[in-house]
Amino acid sequence: MKPGITPRDISSQCIALKLRILSRAVTNVYNDALRPLGLTISQMNILVAVACFGRARQQQVCDVLQLEKSSLSRDVVRMIARRWLATKGGGRAYVLTLTEGGRQLLERATPAWEEAQKKALLLIGEENAPALHRAAGEVGRSKRRHPA
């Protein structure tokens, strides 16, 4: 360990740690609200992304949600089994589309999402939300400017 930096320093200053704590707490708020619908916030985010694209390649969804392909694939398999998503094409070039069941689920989930959104804003402090939106936007812009 570098002289002068203690585990306590790392624990109190680590951005990744603070974001993970925040992420888990906020994720729990949304998952609690969506649970009665059999939906997680990760799955809802995928449904929303596919709905926004209309027809979405796996890589597009991964890029916009900052997901690994394996994480997306696990959720997509479940969502296809539940008939929320459908695929067109084959192999690595398949395209995701929302099914009618997926559209209806999104409509039913919107009020629960709105309640969770209010609770999340209370949890993080409404005044902090704009900074989160800016930071998330910057991550997206940075990825486009400096692809890996």
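C52 is exposed, with a relative accessible area of 66%. The structure examined here is a predicted model. The sulfur of C52 lies 16 Å from the closest cysteine sulfur, that of C62, and this is too far for a bond, because a disulfide requires a pair of cysteine sulfur atoms within 2.5 Å. The count of disulfides comes to zero. Another cysteine, C14, has a relative accessibility of 27% and therefore counts as partly exposed, since this class lies between the buried limit of 20% and the exposed limit of 50%.

The chain comprises seven helices and three strands. Read from the N terminus, its elements follow the order α-α-α-β-α-α-β-β-α-α. Along the principal axes, the C-alpha atoms occupy a box of roughly 55 × 35 × 25 Å. Of the 148 residues in the chain, 27% are buried. Among contacts with a separation of 6 or more, 51% are made by residues 24 or more positions apart.

The interior was considered next. In soluble globular proteins, nonpolar side chains tend to be buried together. The largest nonpolar core of the model holds 30 residues, of which L39, L47 and L85 touch the most other members. At least two residues of this core are supplied by each of α2, α3, α4, α5, β3 (95–98) and α6. The largest share, seven residues, is contributed by α6. The surroundings of L85 can be described individually. When residues up to four places away in sequence are not counted, L85 touches I46, L47, V50, V76, M79, I80, L96, T97, L98 and T99.

Empty space in the model was examined as well. Rolling a probe the size of a water molecule over the atoms shows where such space is left. The largest pocket has a volume of about 2000 Å³. It is lined by 44 residues, and those closest to its centre are S23, N45, V64, L65 and A136. Six helices each supply at least two residues of the lining, namely α2 (15–34), α3 (41–53), α4 (58–65), α5 (69–81), α6 (100–124) and α7 (129–145). The largest share of the lining, 11 residues, comes from α7. By residue class, the lining divides into 25 nonpolar, 11 polar and eight charged residues.

How values were computed
Residues are numbered from 1 along each chain as its sequence is written. This is a predicted model: local features need pLDDT of at least 70, side-chain atom pairs count only at pLDDT 80 or more; totals for chains, interfaces and linings use all residues. Side-chain values use heavy atoms; hydrogens and water are left out. On a 1 Å grid over the protein atoms alone, a cavity is a set of points where a 1.4 Å probe fits but cannot get out, and a pocket is an open set with protein on both sides within 12 Å along at least five of seven lines; lining residues have an atom within 4 Å of a point. Grid points are joined across faces, edges and corners, and a volume is the space filled by probe spheres set on the points. Helices (H or I, at least four residues) and strands (E, at least two) are DSSP runs, numbered from the N terminus. Ala, Val, Leu, Ile, Met, Phe, Trp, Tyr, Cys and Pro count as nonpolar, Asp, Glu, Lys and Arg as charged, and the others, Gly among them, as polar. Buried means under 20% relative accessible area, exposed over 50%, partly exposed in between (1.4 Å probe, protein chains only). A nonpolar core is a set of buried Ala, Val, Leu, Ile, Met, Phe, Trp, Tyr and Cys residues joined through side-chain atoms within 4.5 Å. Contact means heavy atoms within 4.5 Å.
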